[in-house]
Amino acid sequence: MEKFTKTLRCMVVTPEAQVVDTEVMDIVLPAHDGLLGVWPGHAPLLCKLGRGLLRYHDLHHRAHYLFIEGGFGHVRHNEVSLLTRQAFTTRQITLGEAKEQLHKAESLPKTTIEEAQARTEAIQRAKYLINLTQDSA
């Protein structure tokens, strides 16, 4: 039987770098089918990640946010490992840059189904980045 602890280890890894490796109180991650909360003692889990904001509370109960874009999540023995294509912290993008991405996304063509879908995904991504910059304020 596993010993109960009050914290989780959170690791977020992209192909380029390890973005986060820290002890946290809780995590809310964007699974492909909605938000998923993980607390110490959570049952083992493997899930597909979606696009959205990941939130965790550090040991001082301060909230931290990251934008992640797809991948896989693994929960086991109070460790949460997230492998994602991209991850942005609040220090990596400004509100102005996020708004510029939204402006560019809104100007993308939408004449075919594929173009409309790509435009919608780009707009959604930009809106998540805007929320990321605002949640950090």
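Why is strand 3 (residues 26-31) largely enclosed by the rest of the structure? I will answer that, then turn to the salt bridges.

Some ground rules. This is a predicted model, where local features need pLDDT of at least 70, side-chain atom pairs count only at pLDDT 80 or more, and totals for chains, interfaces and linings use all residues. Residues are numbered from 1 along each chain as its sequence is written, and side-chain values use heavy atoms, with hydrogens and water left out.

Now strand 3. Strands here are DSSP runs of E with at least two residues, helices are runs of H or I with at least four, and both are numbered from the N terminus. Six of the six residues of strand 3 are buried, so the strand is largely enclosed by the rest of the structure. Buried means under 20% relative accessible area, exposed means over 50%, and partly exposed is in between, with a 1.4 Å probe and protein chains only. Asp26, Val28 and Pro30 point one way from the strand, Ile27, Leu29 and Ala31 point the other way, and all are buried.

What does strand 3 pair with in the antiparallel sense over four bridges? That is strand 5, residues 45-57. Two strands count as paired if DSSP finds at least two bridges between them. In strand 5, arginine 55 is the bridge partner of valine 28. Strand 3 also pairs with strand 4 (residues 34-38), antiparallel again, over five bridges. There, alanine 31 has glycine 34 as its bridge partner. Strands 3 and 4 form a hairpin with two residues between them.

Next, the charged pairs. Side chains of opposite charge can pair when their charged atoms come close. A salt bridge here is a side-chain nitrogen of Lys or Arg within 4 Å of a carboxyl oxygen of Asp or Glu. The structure holds five of them.

One of these joins arginine 9 and aspartate 21, at 2.8 Å from N to O. Arginine 9 sits in strand 1 (residues 8-13) and aspartate 21 in strand 2 (residues 18-24), twelve residues apart. Arginine 9 also meets glutamate 79 in a salt bridge, at 3.9 Å. Glutamate 79 is in strand 7 (residues 79-83), 70 residues from arginine 9.

Another salt bridge is between arginine 125 and glutamate 69, with the closest N and O atoms 3.1 Å apart. Arginine 125 lies in helix 2 (residues 113-135) and glutamate 69 in strand 6 (residues 63-76), so the pair ties together parts 56 residues apart in sequence. Shared partners join Arg9, Asp21 and Glu79 into one network.
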